[in-house]
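Here's a quick briefing to read with the model open next to you.

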Amino acid sequence: MRDALERLAKDAVVASRRNAALVRVSDRTFDLDRLPIPSVLAVGAVHAALVAAGLRGRTDIIAEAADVLDVHTLAMAISAGARAVHPWLALEIAAEVAGTRGAEEIDAPTARMNLLASLEAGLRKTLARMGISAVASYVGGAFFETLDLAPEVVARCFPAAPGWEGTTGFEALATNQLARRATAIGLDGGSSVPAASPASVPREPRLPDPGIARFRADGELHLFSPRIVAAIQAVANGQGPVVDTLPAYRAVLDRPEAAVVRDRLTVRPAARRRAVPLDEVEPARAIARRLVVSAMSVGALSPEAHQALTIGIQRAGGAANTGEGGEDSSWYIAGEDGRRRDAVIKQVASGRFGVTAIYLARAEQLEIKIAQGSKPGEGGQLPARKATAYIAALRRGQPGRAYLSPPPHHDIYSIEDLAQLIADLRAINPGARIGVKLVASRGVGTIAAGVAKAGADYIHLAGGAGGTGASPLSSIKHAGVPWELGLSEVHQTLLWNDLRDRVALRTDGGLQRGRDLLVAALLGAEEFALGTAALVSIGCDMARQCHLDTCPTGIATQRSDLRAKFTGTPEQVERFALGLAEDLRAELAAIGARSVGEVVGEASSVLQATPRGDVGLRRVISAPRWSAGPARRQTPEAAGRTLVRAPASPLEVRLVAALRGHGAVRLEGLGITTAERSFGAALTGAVQRGEVRVPVSVSVRGSAGQSFGAFLGEGLEVRLEGVANDYVAKGLSGGTVIVAPDRRRPGAAPGVLPAAAGAPAADHPTLAGNTCLYGATAGRLHVLGRAGMRFAVRNAGADAVVDGVGAHGAEYMTGGTLLVLGPVGPNFGAGMTGGRAFILDPEGSIRSRIDHSSVTARALRPADAPDAAFEVARLLRHHRDAGSERAAALLADEAATMTSMWVVAPVDAPVAAIPLRLATREAAIATGTQPIRSRAVIAAGA
């Protein structure tokens, strides 16, 4: 194969020098005596040779390949250098399928077109995951990582690709092709039933099923095969001491051949670290506090399964993660045993579904998901069939709609943005640990260093395995890398940059036994997350139909008939978690360790690479020793405690201290500067904890920093006279935020805005930055001027009035009402699935500004939609009361105003529909209202 690639590359260079504008890399003529080179290797070698010769700009590459049968291989061929791909064998197979069982109504041309459409859709999704909008930018970009390829292969075929050095060379790759040839020869010879059978008839040869999507006994190895599923459930369902079930469990999980990276890491014999008696190792419940159940939302799971996982792991001493779909507020009431039933880890994802003030205030840990292991770059996905009315209410969206967190994370474009979100969360809940979820990939160590500097308390490093089955198959199989590689890079990078003590490290990805946890600890993990194994413990049989809402065990479904079949209990989760901890205890005793903490980061002294010649694996286990003391090693929660962190808003800290124990006040005369960030979040947190009573109204003047009014809760009002930075009213949760011009500013024109309804747009001041009202769930925002781009992104229930917005307004909006009294930027309403927007637009230009695939724009006719006209008038009155002279002028001639109003709504939503509003409100932890007191002034100075 090495020689064949050399010839291929040379031929391409010669053809280019002879002025060939296009070279076609084809395997059309292969047969059993002339095997093809895998198309990705062939294209990569030709592309690399042309680039090295300085000829790639004058000669293009087309791949004519039989092995391009799925989206991943197509994307790989293009990223390796092909300008175009002809999947000739796939097209022939599609034509053969036409008219057969399941495709009776499809002819051959339609089958081919369907295949091409599917490949194109998958490729577009892959590009979106990478943040690429044009396929031309993807060609030859090497947007993939190499795993376990020998340096000779990488140098020849993928010199620009990042990756992890391994031992698989051309000889091994050629052996794989020879094995496929042997299979083909066997099929070519045919097969039949034994001749001794009188009824024997020849049987048509059948291609082997490799078991890529479902387990097959003669297919590829599955880490959750039926035998392993049964073994996990035997531990979870056992009656006697859990330690009695572990010998049989270990025997089932022993693998004769390496299947994952950790299988190629050998734990050194105890002779080098004298073994200790098991009773000297820390108890299982002390270890279990390091365990968490991975983020799985209510929606992906049934409510019953979600509660079983949450209650079970927290009884064991660990922590449960809500996932990104919000949480049922009825779970905030303690159970009969007095223990909490809601998850102590609340996830805040890019979409921020269901994130409310009380949700944030109740958390012991707040986890920011900017990556996801099972489908990196895609975020969470919930099929529309799972979005019942109950699930939609939790997520503040519409029933029957698909829910996804798209690749662009609207509030996290940089480490600075991440630091701001961390500051927001720490402001509303100072006692919570703030974590960030990353996914294993080459270069993740650099990102982790930035996360540590941004102020995170822990980093969750996810591997490429896992997911509740709602992910696309190509994402489950081909996105992300093993956690062992990413964890090692993160741990070592943090050590080299003197940042390791600042953060705790957590990992997940197919953890099943004590040895897995031991290897994770040796590579740097202090905490461990269980996903699939936890689901299996409560009855999951790996049917792999989570996305279809047909889970036969009632775990990954919202159908009431299937949920009735669920038999899982918290006791099963608790028992399995403690069994896993006991298994880890045995592993620790065998290497002479008495606690998990003392082995964290000790890979270089305990692990060996197998084979020893694997240079890449030697680097994985070569971290220098972590110099942390016993207290830090034993307590992951201690990470970063020695750091002195300034509050996001010193002014608000003083304000909360002054109001502690009081409430029902109105404060005016406060000055604010851009150094005051997240103003309103700390006050909301104090209200939720019962330290301050509502109503409270605060008026400030000046230039506010980022996240003014973030998470503002019910009964709170903040007014700014001046200008605000980005993220105004982020996560608004029932409060009222007003941003108005500063009338006292020298040189400012009198009045708020021009009184005339048709005032020129240029006279409207810009008062707020980008991404305002992001992820809001309730409340009102009034901007008496313009705002920037991405206004009301992910708004899920708040009302807003603004005098003009930039591009991408109402993006991914799922609820609430937006009233825009001025110009609107392009791409308005992209991804919008709920709520409505009213646009004051006498010229009707909004029709050219919307995303037509998501929303429609129609003129408002009060006679046909009286409820909509009433809603517009209601919002105008609120805006007038907030100080808008423009709203007052529009109300003075209400009939004329309505004739200039347009309604923007999701494509299948009726104009007259009232936006979904929750029938019940979440109660704050502490309430108590009094009449608003007379004005008070708190000095802005120290």
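Let's start with a helix that is mostly tucked away: in H2, twelve of the 14 residues are buried. Keep in mind that this is a predicted model.

**Helix H2**
- H2 covers residues 39-52, and from its first C-alpha to its last it reaches 20 Å.
- That span is close to the 20 Å expected for a helix at 1.5 Å a residue.
- Which residues of H2 are buried? They are Ser39, Val40, Leu41, Ala42, Val43, Gly44, Ala45, Val46, His47, Ala48, Ala49 and Leu50.
- Following H2 you'll meet Gly54, which has a positive phi, near 75 degrees.

**A nonpolar patch on the surface**
- Now for the outside: Leu69, Ile93 and Val97 make up a nonpolar surface patch.
- Together, these three residues have about 250 Å² of accessible area.
- Val97 belongs to helix H4, which spans residues 88-97.
- Is Val97 buried or partly exposed? Its relative accessibility is 40%, so Val97 counts as partly exposed.

- The cut-off for buried is under 20%.

- Most residues other than glycine have a negative phi, and most peptide bonds are trans, so exceptions are worth a look.
- Met542 isn't a glycine, yet its phi is positive, at about 55 degrees.
- You'll find Met542 in the loop between helix H19 (532-537) and helix H20 (560-563). With a relative accessible area of 18%, Met542 is buried.
- Asn827 is another non-glycine with a positive phi, this time about 65 degrees.
- Asn827 sits in the loop between strand S26 (814-820) and strand S27 (834-840). At 28% relative accessibility, Asn827 counts as partly exposed.

- Thr610 and Pro611 are joined by a cis peptide bond, with omega at about 0 degrees.
- Where is Pro611? Look in the loop between strand S19 (607-609) and helix H23 (615-620).
- The bond from Val694 to Pro695 is cis as well, and its omega is near 5 degrees.
- Pro695 is part of a strand, S21, made of residues 693-704.

**Paired strands**
- How many bridges join S23 to S24? There are five, and the two strands (residues 733-740 and residues 778-783) run parallel.
- To see one of these pairings, pick out Thr736, whose bridge partner in S24 is Arg780.
- S24 also pairs with strand S25 (residues 796-802), in the parallel sense, over four bridges.
- Here, Leu781 stands opposite Ala800 of S25.

Conventions: Residues numbered from 1 in each chain as written. Predicted model: local features only at pLDDT ≥ 70, side-chain atom pairs only at ≥ 80, totals over all residues. Heavy atoms only, no water. Patch = residues over 30% accessible without salt bridge, like charges linked within 9 Å, V, L, I, M, F, W, Y side chains within 5 Å. Areas by Shrake-Rupley, 256 points an atom, 1.4 Å probe, with all protein chains shown as cover. Salt bridge = Lys/Arg side-chain N within 4 Å of Asp/Glu carboxyl O. Buried < 20%, exposed > 50% of the residue type's maximum accessible area, 1.4 Å probe, protein only. Expected span 1.5 Å × (residues − 1). Pairing = 2+ DSSP bridges.
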